[in-house]
Amino acid sequence: YLRAEQLAVAIPILREIVRAHPRSDVAEFAANLLLDSYNRLQQFDQLVAFANELANDPSFLRDRDDLADVVRTIQGQAARRHAETLERAAHESKELDQYALAGAAYLAIYNANPEATDNDEVLYNAGVCFEDGRSIGVAIQMYSLLKKYYPNSKITARATARLGKAFGDIAFYDRAAEELEKYAAKYAGEKDAHDAMSDAVFYRKGLGDDAKAIEDTKYYIRTFGTKKPAEAANAHFSLVSIYEKQGDKEAVIKHLREYIRSHGGKGGADKRVIAHAKIGQILFEQSCPVKQVDGSCVKITRERAVVTKKVKKKKGKEVYTPPKQCGPDSHIKLTVVKRDAGKLRQALTEFAAAGKDFGKVSEKDDNAAGARYYYALGKNYEADVEFEKYLDIKFPENLNFGDGLPENKKKNEELTKKSKKRFEDWLASKGKSAESANKKYESVLGIKDNANSIAAAARLGQITQNFADQLFTAEIPKDVRASKMIDGYDIAQDKVDAYCDALTTAAEPLAEKSLAAYGICLSKSTELGWFSEWSKLCERELGQIKPEEYPTASELRGDSDLTAPVIAIEPPAKLD
């Protein structure tokens, strides 16, 4: 019947031989023919059922090793098809428990025959299914078994990469980095090896393992830099965040200059803008020999604003004590500190280079927003140079607007004329300098970067505020304050009043203008939802200028310690 291809007729006869004569020499031959017949007829369910039947009869398979191997192979193939069916169903449904079932099916295949030659695929598939089903711990076990028992399998490479990802998923970042580093080093030729090392750097930086992050990044550049120059440039550039975190500003400058020299043409104009501006920012800060105050190289004296007024009395009578300035102590009194000319010149050169490169930046560039921020930052610093020149304009000394006494009319007119001329010249000079600084800050507003726009708006308020404060805090000359009694009346009061009338008449409109500027700054930051040290400055100065209308907030606010810098250049290469 078999020779005549009458398989359906032969099958019952073969089954009868196996059933009735199990220990006959022909029984093993009949069992093999029966398995082959089911396979040729594509009756796979019957094939698997008969293989299971034989497997459950140890006495039949005793001393028949070849048949036992065939039975195990058939069972393994059936189990594999079953596991693959479950896996396809899981991919279609996306149900986590379906992935777990598929993973368990693959694991059962491995446990049924640990010595099978294709178990590397089985373990890998089990790991992937468990991983997709969020059973990360079991997936790690599968990948670890694969690495242990099949170290030379091609599939082990993929398993190593997935093992690193799995450790990352459960926040074992040190183990994740370690596995990804091994993968990138051993399988550098694989297409995703550079992504693995990129991830490893990301984890090392997150763990604060700076030395290892730097080592991994340099390996990445050496290994993948030729084929992936843009990614290598990104990797090199990313190290700046480590040096910044360490507070080594000289190392930051050195690193960024090395980046510009080695990778500047490959990393894009956007990163060159950031690199030049960062170098300029550090040099600009270093050019000031004292701690800067709100970004300015100055020393400041002031008191907290209060709304009460103290009156000195002596023996029940009010005693006139000439003030030393026309305004309250809450107004700012500052002295500009000269910057180091060499470092300032270098900083401005870097800002100019950033501006030149910004013209080549496309909005499609990865760090276009960062480039815009740093370009605007550089323009703000350039404006700060004009601002400090403006602040450094000294108030004229020894002004005197007379004592107001009729008998001193001629003398008063002469004093007033000379003082008025000097005062008006100073006002004109100060106003011209203010206009120059204003234009530079207004150009920053035109760049339309939120962070720097708020900073520029705050500076516009400071310009008019300084103008007013310099008038309010100008020291009243000693000869004006000098006491002189005439008929029991101290004319020092009239001289001080005449002096302060001239100054406050000019100062008060400026103070109102600065109030309006700070108000615009604060409302703009609210509108943009952008709060920073500059918006805080606007709020603070409103409270200093007019505390009765803008009382300082009593709310206690902590500084966030879980925020990134305005620009964080991550990832080191690329993370999808």
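**Cysteines and disulfides**

C129 is buried, at 1% relative accessibility; buried means under 20% relative accessible area, exposed over 50%, partly exposed in between (1.4 Å probe, protein chains only). The model is predicted, so local features need pLDDT of at least 70 and side-chain atom pairs pLDDT 80 or more, while totals for chains, interfaces and linings use all residues. Residues are numbered from 1 along each chain as its sequence is written, and side-chain values use heavy atoms, without hydrogens and water.

**Exercise 1.** State how many disulfides the structure holds and how they pair.

*Solution.* Apply the criterion: a pair of cysteine sulfur atoms within 2.5 Å. This gives 3 disulfides. With the bonded cysteines numbered in sequence order, the pairing is 1-2, 3-4, 5-6.

**Exercise 2.** Find the handedness of the disulfide of C288 and C297.

*Solution.* Start with the distance, S to S 2.1 Å. Next take the torsion about the S-S bond: it is about 90°, so the link is right-handed. Finally, check burial: C288 has a relative accessible area of 7% and C297 one of 0%, so both are buried.

**Exercise 3.** Locate the parts of the chain that C326 and C500 tie together.

*Solution.* The sulfur atoms of C326 and C500 are 2.2 Å apart. The torsion of -85° makes this link left-handed. C326 lies in the loop between β3 (317-318) and β4 (333-336), and C500 in helix α22 (residues 492-528), so the tied parts are 174 residues apart in sequence. Helices (H or I, at least four residues) and strands (E, at least two) are DSSP runs, numbered from the N terminus.
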